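User: I am new to this structure and would like to be walked through it with some care. Please take one topic at a time.

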Amino acid sequence: MIEQLKAAGHTNEEDYTSTKEEIEAKIDQYEGVVIRSRFKIDKQFLDAATNLKFIARVGAGLESIDIPYAESKGIALIAAPEGNRNAVGEHALGMLLMLFNKLKQADAEVRSGQWNREKNRGLELEGKTVGLIGYGNMGNAFSKKLKGFDCEVLCYDIRPDLGNENATQVSLEELQQRADVLSLHTPWTPLTDKMVNTEFINGFKKPFWLINTARGKSVVTADLTAALKSGKILGAGLDVLEYEKLSFENLFTATEQMPEPLQYLIQAENVVLTPHIAGWTVESKIKLAQTIVDKILAL
Ligand SMILES: O=C(O)[C@H](O)COP(=O)(O)O
């Protein structure tokens, strides 16, 4: 990315170690900033960035940026969901196949000398109805994969007319009536914060499987674990957790009490957990960088 930007006449500075305050102190010298999700851009930062023309986010989610304030200053916001959408689609599919085929527990049992065929009888995706909430880059990528599995794909999105040959756009109520699987592909916004709670879960007609490769804070974990216990949710594949920003490792030390819902998820056989890596592949690293270069050069 840097080589291509240099070749196009841009200069750059790489800084992965300064504090936010140190970056704020020098940001007025820069016209653009390229960030990952952990760098917060708030009003104070934007007020200090008097020459900023663009903020480029090497990833999809823009929740770390005060978007209205940045836009009020005429700063262009660039994201790169095109760069990691395929990775997210493949990861969501992997989680679903892992849950349906009981790969996690079957593998663990064989390794411990157990040969349980009946207990590990799988389910097939063929003929199932998969509901996607959010039908942007990630939802589209997942639906394209699902197309080959002969399942029905429904999508719900607040934007109209997004359905295509891979998914039928429906109301949220219809999705809740018909889905066997729910997969989230929404950004974290006031609308999607704590979206999957008990009331929402109970709106589903059938027990269902949940895949979340979007944002942890869109699911109320205590409500999810209650639904897993009652059988309303049959199993879950979670690449994101509402606790991840608390410094996940600390939750496992004696000094910090691990939240009860997390304790449940960790021991549950029908739950697959990954550390926010759905969009984090060898290939997506290159595609994310290229997408950002192309968008900066097109400004
Ligand atoms: O928004 C994204 O693309 C993903 O959540 C990953 O972002 P990160 O790699 O910058 O944390």
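User: Is Thr129 buried or exposed?
Analyst: This is a predicted model, in which local features need pLDDT of at least 70 and side-chain atom pairs count only at pLDDT 80 or more, while totals for chains, interfaces and linings use all residues. Residues are numbered from 1 along each chain as its sequence is written, and side-chain values use heavy atoms, with hydrogens and water left out. The cut-offs for relative accessible area are under 20% for buried, over 50% for exposed and in between for partly exposed, with a 1.4 Å probe and protein chains only. Because its relative accessibility is 9%, Thr129 counts as buried.

User: Which residues does Thr129 touch, not counting residues up to four places away in sequence?
Analyst: Thr129 lies in strand β4, residues 129-133, where strands (E, at least two residues) and helices (H or I, at least four) are DSSP runs numbered from the N terminus. Contact here means heavy atoms within 4.5 Å. With residues up to four places away in sequence set aside, Thr129 touches Glu152, Leu154, Arg178, Ala179, Asp180 and Val181.

User: Which residue in β10 does Ala236 stand opposite?
Analyst: Strand β9, residues 233-238, pairs with β10 in the parallel sense over three bridges. The residue in β10 opposite Ala236 is Val271.

User: At roughly what angle do the axes of helices α5 and α7 cross?
Analyst: Axes are lines fitted to C-alpha atoms, for helices over the stretch in contact, and angles run from 0 to 180 degrees between N-to-C directions. The axes of α5 (residues 81-100) and α7 (residues 137-147) come within 8 Å of each other, and residues that meet include Leu93 and Leu96 in α5 and Phe142 in α7. They cross at roughly 50°.

How values were computed
Pairing = 2+ DSSP bridges.
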